[in-house]
Structure formats: structure tokens, C-alpha cells
Amino acid sequence: MSTLDQLRNEWSTPCPSLTEVRERYFPHIRSDRRFRELINRGEIPLTLSKLHDSAKAPHVIYLHNLAKYLDRQADPATQTA
């Protein structure tokens, strides 16, 4: 079973909110603001999206992007010593 398949089984939506992803996979980051900052600076290589163009639309992370990130983290060849 692929990482994406596992995420699809775990989440009831194809695009969980930024808060949900942060709480589940980045519990050491205490705020969405800090999490967004780390993503925008490229320190966490995830892609933020919005479901529509409203300024108040919540940020989401699509499961396929989260799966790619998790797979890269799990691959020891991509990590530096």
C-alpha cells in the first residue's frame, strides 16, 4: 500500500486543512502562522493551496503533496548526514 493510499484511508478529505496537517505531523510547531512561514521559506517542502481565491479561504495541503513529502522524509538517500 502506498503512502498516498494510507493517507486516503486516514483522511476523509483529499485536502486537509493546514491546522490538521500541522497537528498530526508537526506537533512541535505550535502555530499555523509559524508553520506557513516555514513552508513559505522552503524549510518544509510542502505546497500550500486554497480551495478558492478568497483572502479568507483557509490553506489546505493536498494528500498527494503530503504523500510526496512523507516519502522523501522516509528515503534515507535524500537525507543529509
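**Exercise 1. Find out where Leu66 sits and whether Leu66 is buried or exposed.**

Start with the helix: Leu66 belongs to H4, which covers residues 63–74. (Helices are DSSP runs of H or I with at least four residues, numbered from the N terminus.) A quick note before we go on: this is a predicted model, where local features need pLDDT of at least 70 and side-chain atom pairs count only at pLDDT 80 or more, while totals for chains, interfaces and linings use all residues. Residues are numbered from 1 along each chain as its sequence is written, and side-chain values use heavy atoms, with hydrogens and water left out.

Next, check accessibility. Leu66 has 0% relative accessibility, so Leu66 counts as buried (buried is under 20% relative accessible area, exposed over 50%, partly exposed in between, with a 1.4 Å probe and protein chains only).

Finally, look at the neighbours. Leaving out residues up to four places away in sequence, Leu66 touches Leu7, Val21, Tyr25, Leu46 and Ile61; a contact here means heavy atoms within 4.5 Å.

**Exercise 2. Work out how H2 and H3 are arranged.**

Step one is the axes, which are lines fitted to C-alpha atoms over the stretch in contact, with angles from 0 to 180 degrees between N-to-C directions. The axes of H2 and H3 come within 10 Å and cross at roughly 90 degrees.

Step two is naming the angle. H2 and H3 are therefore roughly perpendicular (under 35 degrees is roughly parallel, over 145 roughly antiparallel, 65 to 115 roughly perpendicular, the rest oblique).

Step three is the residues. From H2 come Leu18, Thr19, Val21 and Arg22, and they meet Asp32, Phe35, Arg36 and Ile39 of H3.

**Exercise 3. Describe the two aromatic pairs.**

Recall what you need: a pair of aromatic rings is described by the distance of the centres and the angle of the planes. Rings of Phe, Tyr and Trp (its six-membered ring) pair if their centres lie within 6.5 Å; planes under 30 degrees apart are stacked, over 60 edge-to-face, the rest tilted.

Now take the structure's two pairs in turn. Phe26 and Phe35 are tilted, with 4.8 Å centre to centre and 45 degrees between the planes. Phe26 and Tyr69 are tilted too, at 5.8 Å and 40 degrees. Phe26 lies in the loop between H2 and H3 and Tyr69 in H4, so this pair ties together parts that are 43 residues apart in sequence.

Notes. Helix = DSSP H or I, 4+ residues; strand = E, 2+ residues; numbered from the N terminus.
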